[in-house]
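Dear colleague,

Please read them with the structure open beside you.

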Amino acid sequence: MADVIIRQADIKDAGDIYEIETLCFPDPWSMESIEYELEENPRAFYVVAEHSGQVVGYAGLWWIEDEGHITNVAVRPGFRNRKIGEGIVSVLLDFTLQEGIRHHTLEVRRSNEPAIGLYEKFGFEVEGVRKGYYQHNKEDALIMWRHAEDNEEKQEQNDPR
């Protein structure tokens, strides 16, 4: 992942984010929704991953008091299995933790084992289910949460010093 740059997204990234949305999700967000998120939504925070000047992944979050609701994480097909998703999530969590977000949540398809595994690496745990959440096939979503205090406590317990 050394050749990947992760940075805050801006409106110029809307087209690339939309393209990745349509490649990765059966029910993608509209271009208008993405533009709104990047330009007008004061609670939205997005990052993109660039490889050789091309946006190859992104993640978004809604900022609500001390909670961050991760809206989407996606990596362009052909760039998966290179730890880009891991880098995106890491940067998103690190930055928002520094800014005061103590709790992060997201929904993930019950069948999306690679994503569930990624989130578990960062300390997310399943705390609920949204039945029939996804429109196109009515698949359930797992509701996952990560609480900063819990993760700090686990890290202290695992610290060999």
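**Charged pairs in the model**

R7 is partly exposed, with a relative accessible area of 25%. Please keep in mind that this is a predicted model. A search through the whole structure turns up eleven salt bridges, and R7 takes part in one of them with E50, where the closest N and O atoms are 2.7 Å apart. Because E50 lies in strand 2 (residues 44-51) and R7 in strand 1 (residues 4-8), the pair ties together parts that are 43 residues apart in sequence. E50 has a relative accessible area of 18%, and it counts as buried because buried means under 20%. R7 and E50 also belong to a network of salt bridges that includes D13.

A second pair is E19 and R76, whose closest N and O atoms are 3.1 Å apart in a salt bridge. E19 sits in helix 1 (residues 14-24) and R76 in the loop between strand 4 (67-75) and helix 3 (84-98), so this pair ties together parts that are 57 residues apart in sequence. E19 is partly exposed at 37% relative accessibility, whereas R76 is buried at 7%.

The side chains of K121 and E86 also meet in a salt bridge, at 3.1 Å from N to O. This pair links distant parts of the chain, with K121 in helix 4 (residues 113-121) and E86 in helix 3, 35 residues apart. K121 is exposed, with a relative accessible area of 57%, while E86 is partly exposed at 26%.

Terms used
Residues numbered from 1 in each chain as written. Predicted model: local features only at pLDDT ≥ 70, side-chain atom pairs only at ≥ 80, totals over all residues. Heavy atoms only, no water. Salt bridge = Lys/Arg side-chain N within 4 Å of Asp/Glu carboxyl O. Helix = DSSP H or I, 4+ residues; strand = E, 2+ residues; numbered from the N terminus. Buried < 20%, exposed > 50% of the residue type's maximum accessible area, 1.4 Å probe, protein only.
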